[in-house]
Amino acid sequence: MVMRCVAASFPAIAALLAAWPTLADPHPMAGGAHPAPSTDVAVGIAREVLSVTVGPKTAAVDALLVLENHGAPTKLMVGFPCDAGPEPGAAGVPCKTKITVTADGKPIAAKVRKTSAKEWHWVWPMAFGAAARVALAVRYDAPLINPRYEVPVEGMGLFHYRLTTGARWAGPIGELEITVNTPFDALIWISPGGYVREPGRLTWRLKDVEPAEDLVFAPAVPVAAWEYAALGGGSIAEVRARRDAGDFEKKAMLALVERLKEDFGEHAEAERIVVGYLGVIARMSGLPLPAPERLRATALESARVLESLALRAAR
């Protein structure tokens, strides 16, 4: 069964709620990783600004890293991992994806290279003078893959961007700002901690960070797909406009709230999610699953966000 990008009435949402098993076909979707040096260096990340905007078929990723050399003049190769495996896009950004790399606004030609028996990277050289600061910007559109859905984001099981590669640079990340814009709020796993939520958006403002967790957000499948349909589908801008205007049905949103509470409330068995679809796609992504209590807390937090949205409904 394929969800369409059309506005859904409350009866349609209610019917979908009754059809839970038919839509539980999620897929991991990788968003990339920090660019990282190929050798130990004295260059650190003074500031990073990361933006991820999830659309129907791609996630636009913009990463700005202000790199600062704390040692002698140096030259190094920088690598950004890509996926050349049998199903590119599940474990990383496909190597055929077009990426734009600049240093202080000047274009850099990144080339795809096989760097080990199982790894591929875009690589490029960089040079740093003593105490030099360089603004490195990387931008691309990561494809969201789930061939069983006309709109792949409706089959998203987990989105993953590797922050932990930032630990390869010298010292902690001085300032880390992350903004994630999503077409749905029915999320059950958000990492790292320290975020702030508002409808359709997650933000982090962190200092002196040694990344121990990657950026991960996982929707409640298939509740998030129903939410996306209830908000009319389409681009992130279209969804946000309807969300902000209250252009959706209150009953539809409250039905999603009740579904989350039913599946993740005090007496629900959230552990089944661990051994179910989320466990499978986490293993595919190489991620350790959070404790069921964390999933439950995030799901109930999402229910509160959806309740706040219901108050905005114009009909």
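1. On helix α4, the face turned away from the buried side carries the exposed residues Ala237 and Ala245. The model discussed here is a predicted one.

2. The buried residues of α4, which spans residues 236–245, are Ile236, Val239, Arg240 and Arg243. Viewed down the helix axis, these buried residues fall within an arc of 95°, so they line one face of α4.

3. Just after α4 comes glycine 246, which takes a positive phi of about 70°.

4. A second point of interest is the pairing of two helices. Two packed helices are described by the distance between their axes and the angle between those axes. For α5 (residues 250–264) and α8, the axes come within 9 Å and cross at roughly 165°. Because angles over 145 degrees count as roughly antiparallel, α5 is roughly antiparallel to α8. The crossing of α5 past α8 is left-handed.

5. Which residues of α5 and α8 meet? From α5 come Lys250, Met253, Leu254, Leu256, Val257, Leu260, Lys261 and Phe264. Their partners in α8 are Leu295, Arg296, Ala299, Leu300, Ser302, Ala303, Leu306, Glu307, Leu309 and Ala310. The residues of this contact between α5 and α8 divide into 13 nonpolar, 1 polar and 4 charged.

Definitions and conventions
Residues numbered from 1 in each chain as written. Predicted model: local features only at pLDDT ≥ 70, side-chain atom pairs only at ≥ 80, totals over all residues. Heavy atoms only, no water. Buried < 20%, exposed > 50% of the residue type's maximum accessible area, 1.4 Å probe, protein only. Helix = DSSP H or I, 4+ residues; strand = E, 2+ residues; numbered from the N terminus. Arc of directions from axis to C-beta. Axes fitted to C-alpha atoms, helices over the stretch in contact; angles between N-to-C directions. Parallel < 35°, antiparallel > 145°, perpendicular 65-115°, else oblique. Left-handed = near helix turned anticlockwise from the far one by under 90°. Contact = heavy atoms within 4.5 Å. Nonpolar A, V, L, I, M, F, W, Y, C, P; charged D, E, K, R; others polar.
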